[in-house]
Amino acid sequence: MRLRTHIAIATLLGGTMLAGMSHAQTTIRLAHHLPESSEQHTAAERFAEMVEERSGGDLVVEVLPGGQMGGQREIIESVQLGTLEMGYGEAGLYSNYVPAYGVLTLPYIYDDPAHWREVVDGEIGNGLNAQLEEATGLVVLNWIQAGYRDTYTVDRVIEEPSDFEGLRIRVPESPVFVQTFETLGAQPTPIPFPEVYTALQTGVVGAMEGTPEAAYTNNFYEVANHYNKTRHIFFDGSFVTSRGFLDGLSDENRQIVEEAAIEVAQMQRDEWEGLQENWDQQLADAGIEIHEVDLGPFREALTGLQDQFAEEAGATDILEQIRELGGE
C-alpha cells in the first residue's frame, strides 16, 4: 500500500511538473526612453495588459521606461541584436538603416494627421517596413501618433526663420532633423534624450524641439522660457521587435502580440487631439510663454529641403506619392 501511495504521489507530481513546463512563460521586455507619465508609456502598459490577458499568462510584458535600457538608438540596437525583445522607435531612427524612412519625417510634409495616417498605414509605410526587416531583421508592429513638434527656447522667441540663426538646438540622432535646422541657420546638436534637461539647464544648448507632451512630462518648462509653435514636423513612434523573436513564438502568441500592438496604437490615435490640448494647457499653467507662429515663411524656407533630401535618399517616388495623397 505504501509503495502504491508513493507511486501515485510521484505520478501526480510528475504530471504537475510537466503541465508547468508546457505552460512556461515568455517574458517580453518592452523598453522606451520616455517617462511613465507619457502617452507612449500608457500605450505600453495597455499592450502589456492585453497580451498577458489574451495569452492566459503565457506572455508576460515587462515595461522598462525612462531610458533604463539607454537612449532610443541603444534600445533599437539591442532589439536588433536580440538582447531586448521590444522597443519604442521612430521613422527618423529607422532612416539610419533605410534612408528613405527620413522622408516620413520631413518638415511640413503632411497636410494634417489624417494625411499622415494614410501614409504610414498604407503602401508607403508597409513598403518601408518591409525594407527595414530585410535589412536588419527589425519588425515595426504599429504606428503611434506622437504629434507636432515645436521649438522650446531658453531666452529667444522664434517668430521667423532667421530667428534660428546660430541657435544651438538639441535634435534627435536623425539626418532629417539635422538638415532641417541647418537649413534654418541653426546649429543642430544631437544629444541623448535623457540628457536634454541638463543640456538646457547648463547652456550646452539654447533650445530643444519636440512635442508638447515631451516638453511637459519631462519638465522642460523649468529650463526653457518660450514655447514656439513652429509645428515643423509631424512626428511618429512605433513598437518595434525582431523577426527572430516573433518566429520564436507560437502562431497564436505571435498573433496576440501583433494584434495588441495595432489596437493600442488605434486607442492612442483616438485620444490624441484631446491629449494635445491638455498638454498645451498644462504648459501654460506651468508658466512657459506660448507663441503662435506664422508657418508660411517656414514652409517656404524648407520646401527645397524636401526635394533635396528625397533625392539623396533615393526616395523621390515616395515624396511624390505623399504629396499626391495630400492633394498637393
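Helices here are DSSP runs of H or I with at least four residues, strands are runs of E with at least two, and both are numbered from the N terminus. Keep that in mind as you explore this predicted model, where local features need pLDDT of at least 70, side-chain atom pairs count only at pLDDT 80 or more, and totals for chains, interfaces and linings use all residues. Residues are numbered from 1 along each chain as its sequence is written, and side-chain values use heavy atoms, with hydrogens and water left out.

**Stop 1: the whole chain**

You will find 13 helices and 10 strands. Along its principal axes, the C-alpha trace spans about 95 × 45 × 30 Å. Of the 328 residues, 53% are buried; buried means under 20% relative accessible area, exposed means over 50%, and partly exposed is in between (1.4 Å probe, protein chains only).

**Stop 2**

Next, select E49. This residue sits in helix α2, which covers residues 39-54. Is E49 buried or exposed? E49 counts as exposed because its relative accessibility is 55%.

**Stop 3**

Select R73 and E77. Their side chains meet in a salt bridge (3.6 Å, N to O), a term for a side-chain nitrogen of Lys or Arg within 4 Å of a carboxyl oxygen of Asp or Glu. Both residues lie in helix α3 (residues 72-81), 4 residues apart, about one turn of the helix. R73 is partly exposed at 31% relative accessible area, and E77 is partly exposed at 33%.

**Stop 2: K229 and its two partners**

Now select K229 and D280, whose side chains form a salt bridge of 3.0 Å, N to O. K229 lies in strand β9 (residues 226-242) and D280 in helix α11 (residues 251-286), so this pair ties together parts that are 51 residues apart in sequence. Both K229 and D280 are buried.

Which residue also meets K229 in a salt bridge at 3.5 Å, N to O? Select E292 to see that partner. This pair links distant parts of the chain, with E292 in strand β10 (residues 289-292) and K229 in strand β9, 63 residues apart. E292 is exposed, with a relative accessible area of 65%, whereas K229 is buried at 12%.

**Stop 3: two buried residues**

Select H115 in helix α5 (residues 113-121). H115 counts as buried because its relative accessibility is 4%. Leaving aside neighbours within four places in sequence, H115 is in contact (heavy atoms within 4.5 Å) with I109, Y110, I322, L325 and G326.

Finally, go to T151 in strand β5 (residues 144-153). At 0% relative accessibility, T151 counts as buried. Beyond its neighbours within four places in sequence, its contacts include I158, F164, M208, H226 and H232.
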